[in-house]
Amino acid sequence: MNKALSLISDAELVALFQNGDQQAFAHLLNRHKSKVFTSILIIVRDRYLAEDLFQDTFIKAIRLLQEGKYNEDGKFLPWIARVARNIAIDHIRKNKRQPIVVMDSGSSFFSSFNFADSNAESVQIEQDESARVRKLIAQLPEEQRDVLVMRHFADMSFKDIAEATGVSVNTALGRMRYALINLKKLLEKHKHAYENNFYKSEQHSSGL
Amino acid sequence: MKTTFTNLNNTRLAYNEVPHKANSSFEMNSTDEYYLLKNMQSKVDRCLTQPSQTSIDAILAVLAKI
């Protein structure tokens, strides 16, 4: 990959691509693939499906850029993150696979949580904090999850998030606050559940 | 749990959305919450994962055809 491309802005890469430089788009892909993929994965909660929708997202971006349907100079990541979100949400709606978690109160939220898969693969996943955090973000109430994804994975300001979601900046900030606090509670609860399950397994395996 | 002005300011501070001058005059009476937010922020930032090389190759293949 052209080393100089790593030094130039998203807006310049978009312009280069629209002028026929394919490497410029390849660099945009490389620069933003993790954030876009993670945001899709959090919405659909299925890695294989997320891979398909990730491809759809960037292929659609290629088409939209070629057709000149991109007018967000300098804000490529928020734009493609929005394309990704729309593709993921459309897929869920079409397939009626909407994630079940839409809750307001903490109690019902936590009581629906299903821990303690016992197969070896899931134990391995549980040990991976990064995967655990993604899984728990996906469990947040939708409006909190959306603000978190927009701020962390689409690099949007709270002002932009407020405009995109039709709420005040203070509401967007409040949702982010609840998202992080709820995530902390979920991590603690999850850790408890994992440890209880682990020690139970240990007792079983040792014949106690 | 009601979100107060202080709570929102903690969130603003955690996301560097408060100008430095405002920070210095801001009495953080919920310091613990500020650090909780910062801690969770870093966990979220570290939870990124990569798509497979197969997906990247599929997109590059489309790019090569144009």
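**Exercise 1.** Find out which side chains meet in the salt bridge of R177(A) and E33(B), and whether each residue is buried or exposed.

*Solution.* Start with the pair: R177(A) and E33(B) meet through their side chains in a salt bridge, 2.6 Å from N to O (a side-chain nitrogen of Lys or Arg within 4 Å of a carboxyl oxygen of Asp or Glu). Helices here are DSSP runs (H or I, at least four residues), numbered from the N terminus. Now check burial: R177(A) has 2% relative accessibility and counts as buried, and E33(B) is buried too, at 15%. Buried means under 20% relative accessible area, exposed over 50%, partly exposed in between (1.4 Å probe, protein chains only).

A quick note: this is a predicted model, where local features need pLDDT of at least 70, side-chain atom pairs count only at pLDDT 80 or more, and totals for chains, interfaces and linings use all residues. Residues are numbered from 1 along each chain as its sequence is written, chains are lettered from A in the order in which they are written, and side-chain values use heavy atoms, leaving out hydrogens and water.

**Exercise 2.** Work out how D146(A) is tied to R85(A) and R145(A).

*Solution.* First, R85(A) forms a salt bridge with D146(A), with the closest N and O atoms 2.6 Å apart. That pair links distant parts of the chain, 61 residues apart: helix 4 (residues 76–95) and helix 8 (residues 142–152) of chain A. Then D146(A) also meets R145(A) in a salt bridge, at 3.4 Å. Finally, D146(A) is buried at 10%, while R85(A) is partly exposed at 26%.

Conventions. Helices (H or I, at least four residues) and strands (E, at least two) are DSSP runs, numbered from the N terminus.
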